[in-house]
Amino acid sequence: MSGKDAAQPPVRQTIVQLLSHMRDGKEIREYLHRFSGVDQERFAVIKVGGAVIQDDLDGLASALAFLQTVGLTPVVVHGGGPQLDAALDAAGIPTERINGLRVTREPAIPIIRDTLTEANLALVDAIRAAGGRAAAIPRGVFEAELVDEKTLGRVGEPSRVRLDLVAAAARAGQASILACLGETADGCLVNVNADTAVRALVHALQPYKVVFLTGTGGLLDEGGDILSSINLATDFAELMEADWVNGGMRLKLEEIKRLLDDLPLSSSVSITRPAELARELFTHAGAGTLIRRGERIKAAASKDALDLAKLDTLVTKAFGRPPIAGYWDSLVIDQAFVTDSYRAAAITTRLDDWIYLDKFAVLDDARGEGLGRAVWHRLVEYAPRLIWRSRTSNPVNGFYFDECDGAVRHDEWTVFWRGEDVSLTGIDAVVQKAFSLPPTLEAPK
C-alpha cells in the first residue's frame, strides 16, 4: 500500500462524518460552486488559537484536510498562547500582557520562535497525516514595525504582507500554515499578536471567508447558547450596549467589525469548532456564529409599506415559479421581514391564533451572505409560536427540521411548527388547516 493510499481512509472517514450532518447535497454543491469561483488563496483565512492546536489537533487537521478533498485551499494563521505560556514559564520568564499584547523582551524571542515553529510543524504534519497537503510558513510573510519597544519589547505591528509564499503554496494545492512571527525591515524577529496578523492578512488578501476556530464554537448569548448569526448593520449597536456582553466578547465584535469594514459586502466571518467547520461553510443552517456587515431588515405590517413587484420577483426566483394569479391581492399580511435589497424575506399571516409563515424566500447568493439566517432570526424573535408548511421534496427542509419543535408529513406536504409548550394533540386542528390551504405558487412545469 502506498503512502497516499494509507492516508485516504482517515480522509474518507472525515468526509462521511462531516457530510452525515448535511441532509441536502444541493446545499453542498451550491456552496462549492460559489467557493470554487474564488482565487484559492483568497477563499478563506482561518485563524486558529493555540488552545485548539493543543486540545484538538487531530480534529483540526481532519477538518482542514477535508477542505482540500473538495478543492479548497485556505490560508491558516495560528497562535500559540498556551504553548508560549508553558515554554516561557519553564525558562523562568514571567508572562506579562499590556492591553492584550504579550510583552516580549529580548530573551523571550528564541523561545517564542522555537515554540511557534514547533506548533506550526505539528499542525502541518497532522494535516498531512490526515491526507491533506500543507506548507509550513512559520515566518517570511509579515514585515513589521516595533509598536513600543520600551514598553512592549519586541512586539511588532505588520507594515507589509508578503504574499509570494502564500500564492506559491496555493498554486501547489497546499494550505498555507502561517505562524504569528514577523520581521523588521532589517531582519530582526518580532512577536506579532494573532488577531493583528489576521487583520493585516485579511486586508492584503480580501478573502471571501474569514473563520475563527475556537473551543466554544461561536459567540454565546445571554443564556450561554451559540448565536447563530449576527447582522452588524442591525445588531452591532444593540449588542455593544447589552449588559450580558462581556469585555472579551465586546473586543471580539469590534475586531470583527473592523475586519468586515475592510472587506467586500459579500465577505463574512464565521466562528465555529474544527469539527463543525464543514457544516458552517456548506449548509444554510451553519454550525457556529456567522457574522456579516449585512443589510438592514425592514419590518412591515402592511402591504402598503412593501414593494410588491420586488417581492414577486424574489419569490419567483427563490422558488423557480411565480405566485398564482391574484396571490398578492388576496394576501393579508400579519408581518413581513424584508432585507433592503429584497433578496430575502419572510412573510407571515394568521392561522387561528398562530402566526403562519406563508413565504420564506431567499436568493442563493443571499444564503451565502447569511441574509436568510438574519431574516429567520428576526422572524423567530417575533413569532414564539410559528407554523408553516413545505413541500416534502423541498431541499430547505433539512434547515426546517433543525429549526422546528415538531413536524407532521402528509403526502406532498410537511407541516412544521415552533413552540415548545405545544403538544401534538393541542396543535392538531391548526396542522390540519395548514395541510388544507390551497397552493400559492403556480404548479411546476
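Strand β21 (residues 413-418) has 5 of its 6 residues buried, so the rest of the structure largely encloses it. Buried here means under 20% relative accessible area, with a 1.4 Å probe and protein chains only. Strands are DSSP runs of E with at least two residues, helices are runs of H or I with at least four, and both are numbered from the N terminus. Keep in mind that this is a predicted model, where local features need pLDDT of at least 70, side-chain atom pairs count only at pLDDT 80 or more, and totals for chains, interfaces and linings use all residues. Residues are numbered from 1 along each chain as its sequence is written, and side-chain values use heavy atoms, leaving out hydrogens and water.

Now look at what flanks β21. Strand β19 (residues 386-391) runs antiparallel to β21, joined by 6 bridges; two strands pair if DSSP finds at least two bridges between them. Here Trp 388 sits opposite Phe 416 of β21. Strand β20 (residues 406-410) is also antiparallel to β21, over 5 bridges, with Val 408 facing Val 415. β20 and β21 make a hairpin with 2 residues between them, and Asp 411 in that turn has a positive phi of about 55 degrees.

Next, the nonpolar cores: sets of buried Ala, Val, Leu, Ile, Met, Phe, Trp, Tyr and Cys residues joined through side-chain atoms within 4.5 Å. The largest has 42 residues, and Leu 178, Leu 201, Leu 253 and Ile 291 touch the most other members. Helix α9 (residues 194-205) gives this core its largest share, 7 residues. Another core, of 40 residues, lies apart from it and includes Ile 297, Ala 336, Ala 345 and Val 380.

Conventions:
Buried < 20%, exposed > 50% of the residue type's maximum accessible area, 1.4 Å probe, protein only.
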